[in-house]
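Open the structure in your viewer and keep the sequence beside it. The tour below goes from one selection to the next.

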Amino acid sequence: MPAKIKQSHWALVFAFASLFTLGLADNIRGTLFPEILNQFQVSNTLGSWLFATSSGSAFVAGVISPSYLRRYTISSLLAVGVLFLAVGLAVMGFSGNFNWMIAGSMFLGAGIGFMGVSQNLLVAEGVEVKLRSRALSGLHGFYGLASFIAPLLAASTTKAFGQWSSAFYVVSGVSLICLLAQVLIVPNPKFVVHVPVSLEDTADKKRISKRALAMICCFFGFYVVAEILVSTRLALYMRTYFQMDLTQSAGYVTMFFMFLLIGRVLFAFIHLPFSLKSQLNGFLIGSLAFIFLGLKLHPFFLALSGLTMAPYYPLCVSYISEISKDLSRTFLSYAMSFQSLAVVAMHLGVGYMTDEFGLAFAFGVGILALVISILCLSFHPKKLTV
């Protein structure tokens, strides 16, 4: 018989546990990307579809999540996401050709999309307001921890089992354990996620400003483009320009995620005496500076950019919730969906530019993305409805 725990405790436990699993799955691919290109003998342009298809599936999952949540619970959406994640990883593990890798990536992306929406909503709606920012920082700190472990796991399992695909099997197993725990431990009471009548009435009476929605989606989504560009291409960058092997290049990816972890853990406990908007702009400018220095002076600065990127995502979710208030579900769902769509475009664009002009040139996409984020964050309309 399933055990029951308090709803708010369930929200924190499984939001954290599932995001740890998602962090392993999402970031193990970047370390193994050079191995995958070599195994299947595909170009950077074609290889980029490995990331683009998962981001496309995540976009579709984000779009349909609000409709799902009108009938079912956040906890069930999370379980569906974890199941898709596990299946996608297993398919990628036994892939005999690149088409199967793409198929597995589609399942993986759907899982990431469902989990991304449900995890943030679990904290946003299951934790009291005064603790929300810290809870979100802690939540994404767990993602940072998983991201830090992912390249180490990729290198160690490849060495232990003699094949890179073993890393996908290991993370798929972790996902299944997380899913089993969700089935055996249920929230009491269950998360009621049907949109209350009062909120539906509010949404009917207020027309959301398309300009405000677009700019909020942009300062959220384009930051994610920059972070994912660094995390998925840093290993390839080090192997291309510095002739490093899998273990050495994984070390740089590990450093990036170590700084990401340090930053998110710090900001789970530190409260800066500045507005959320000022903090967000500061972190964007810092990330922009480190990426530029990493390309011009030393690649260590690319890894160090994780420190300034770290607090942005959780603080941005908190900022959007704060300014959109009773329309936060709408704004967060659209922002996460746009994030996935922007990442699809980034992966395809970076793959093409890497083949045509070189990976160092393609890293300029990250710089452009951060500039757009700064502009949209600085000048988005204060009034979100018309």
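With which residue does aspartate 26 form a salt bridge? Select aspartate 26 and arginine 29: these two form the salt bridge, and their closest N and O atoms are 2.7 Å apart. The model you are looking at is predicted. Both residues lie in helix α1 (residues 7–40), 3 residues apart, which is about one turn of the helix. Aspartate 26 is buried, and so is arginine 29.

The structure holds 2 salt bridges. For the other stop of this kind, select glutamate 35 and arginine 239, whose side chains meet in a salt bridge at 2.8 Å, N to O. Glutamate 35 lies in helix α1 and arginine 239 in helix α9, so this pair ties together parts that are 204 residues apart in sequence. Are the two partners buried or exposed? Glutamate 35 has 18% relative accessibility and counts as buried, because the cut-off for buried is under 20%. Arginine 239, at 26%, is partly exposed.

Next, the core. The largest nonpolar core has 116 residues, and those touching the most other members include Ile28, Met101 and Phe168. Colour helix α9 (residues 210–242), which gives the most to this core, with 21 residues. Then select phenylalanine 168 and show its surroundings: among the residues it touches are Ile28, Arg29, Leu32 and Met101.

The structure holds 20 aromatic pairs. Select phenylalanine 222 and phenylalanine 338: the ring centres are 5.7 Å apart and the planes are at 70 degrees, so the pair is edge-to-face. Phenylalanine 222 is in helix α9 and phenylalanine 338 in helix α14 (residues 328–357), 116 residues apart. Now select phenylalanine 259 and phenylalanine 300, with centres 6.0 Å apart and planes at 80 degrees; this pair is edge-to-face too. Phenylalanine 259 sits in helix α10 and phenylalanine 300 in helix α12 (residues 300–309). Phenylalanine 259 is buried at 13%, whereas phenylalanine 300 is partly exposed at 30%.

Which residues make the nonpolar patch of about 520 Å²? Select Ile262, Val265, Leu266, Phe269, Ile270 and Leu307. Helix α10 (residues 246–266) gives the most to the patch, with 3 residues. Phenylalanine 269 is in the loop between α10 and α11 (276–296), and it is exposed, with a relative accessible area of 65%.

Key. Residues numbered from 1 in each chain as written. Heavy atoms only, no water. Core = buried A, V, L, I, M, F, W, Y, C linked by side-chain atoms within 4.5 Å. Buried < 20%, exposed > 50% of the residue type's maximum accessible area, 1.4 Å probe, protein only. Helix = DSSP H or I, 4+ residues; strand = E, 2+ residues; numbered from the N terminus. Contact = heavy atoms within 4.5 Å. Salt bridge = Lys/Arg side-chain N within 4 Å of Asp/Glu carboxyl O. Patch = residues over 30% accessible without salt bridge, like charges linked within 9 Å, V, L, I, M, F, W, Y side chains within 5 Å. Areas by Shrake-Rupley, 256 points an atom, 1.4 Å probe, with all protein chains shown as cover. Phe/Tyr/Trp six-rings, centres within 6.5 Å; stacked < 30°, edge-to-face > 60°. Lists of a residue's contacts leave out its neighbours within four places in sequence.
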